[in-house]
Amino acid sequence: GLPFDGLAVGGSLGKSKDEMASILDWTMPLLPPDKAVHMLGIGDPLDFFLCIERGLDTFDCVAPTRMGRNGTAFTADGRINIKGAGFRADPRPLDESCDCAACTRFSRAYIRHLFTSDEILGLRLLSLHNVHFLLSLARAARRAIEAGTLRHWSSGWLARYHSRNDTAQ
């Protein structure tokens with residue numbers, strides 16, 4: 001085997017998710033199955049599924065915090081842009097199924113207020129939430145892998161994620 005504990009895959013893997021999937025489909029079978037494989041630049045919930053289903057083990061990316069700093073939050077129902085006027089009086093948490101500090105302590109309306117008032121706490125709360133969201137997603141994927149239900153779990157998760165998307169608000 002190679003003299004490394006694990007390997008990394010990354011860089012530009014095409015211009016689309018389909019190209020990235022094709023490149024990974026070609027690359028992953030060439031790597032030793034006993035080595036952990038880290039994917040660089042994966043920070044979108046949809047990319048998690050594409051990579052996990054192909055055997056990648058860990059990920060990293062600046063996208064969750066960058067998106068948070070720009071007002072985008074990941075939710076189980078798709079992304080939302082908290083700066084939208086539709087959140088002005090919304091008493092709900094960012095994601096009702098999330099147990100992060102932002103979701104358990106603050107409403108969408110308050111976090112929107114922080115953004116429109118240029119308060120740095122808003123940027124920090126969304127960054128915290130997005131990272132927590134992805135970590136929770138990775139934990140759930142690990143449980144599904146261990147239970148042998150990854151395909152079933154991921155198809156259900158993706159159906160909900162695509163069912164409603166508040167990005168336009």
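Biologist: At the start of H2, which backbone nitrogen does a side-chain oxygen of Asp44 reach?

Modeller: The model is a predicted one, so what follows is computed from its atoms. Helix H2 covers residues 45-52. At its start, a side-chain oxygen of Asp44 comes to within 2.9 Å of a backbone nitrogen, that of Leu46.

Biologist: How many of the residues of H2 are buried?

Modeller: The buried residues are Pro45, Asp47, Phe48, Phe49, Leu50, Cys51 and Ile52. They pack against helix H1 (17-27), strand S2 (36-40), strand S3 (58-60), H6 and helix H7 (150-163). H2 is thus mostly covered, and the count of buried residues is seven of eight.

Biologist: Are H2 and H6 roughly parallel or roughly antiparallel to each other?

Modeller: Two packed helices are described by the angle between their axes and the distance between the axes. Here the axes come within 11 Å and cross at roughly 30°. Angles under 35 degrees count as roughly parallel. H2 and H6 are therefore roughly parallel.

Biologist: Is Ser127 buried or exposed?

Modeller: Ser127 is in helix H6, residues 120-147. Leaving aside neighbours within four places in sequence, Ser127 is in contact with Thr65, Gly68 and Arg69. Buried means under 20% relative accessible area. Because its relative accessibility is 12%, Ser127 counts as buried.

Biologist: Which backbone oxygen lies 3.0 Å from a polar atom of the side chain of Ser127?

Modeller: An α-helix has 3.6 residues a turn, so residues three or four places apart point the same way. The side chain of Ser127 has a polar atom 3.0 Å from a backbone oxygen, and that oxygen belongs to Leu123.

Biologist: What is the phi of Asp118?

Modeller: Asp118 sits in the loop between helix H5 (108-116) and H6. With a relative accessible area of 71%, Asp118 is exposed. Most residues other than glycine have a negative phi. Asp118 is a residue other than glycine with a positive value, near 55°.

How values were computed
Residues are numbered from 1 along each chain as its sequence is written. This is a predicted model: local features need pLDDT of at least 70, side-chain atom pairs count only at pLDDT 80 or more; totals for chains, interfaces and linings use all residues. Side-chain values use heavy atoms; hydrogens and water are left out. Helices (H or I, at least four residues) and strands (E, at least two) are DSSP runs, numbered from the N terminus. Buried means under 20% relative accessible area, exposed over 50%, partly exposed in between (1.4 Å probe, protein chains only). A polar contact is a pair of N or O atoms within 3.5 Å; within protein, one must be able to donate a hydrogen and the other to accept it, and residues adjacent in sequence count only if both atoms are side-chain atoms. Contact means heavy atoms within 4.5 Å. Axes are lines fitted to C-alpha atoms, for helices over the stretch in contact, and angles run from 0 to 180 degrees between N-to-C directions. Angles under 35 degrees count as roughly parallel, over 145 as roughly antiparallel, 65 to 115 as roughly perpendicular and the rest as oblique.
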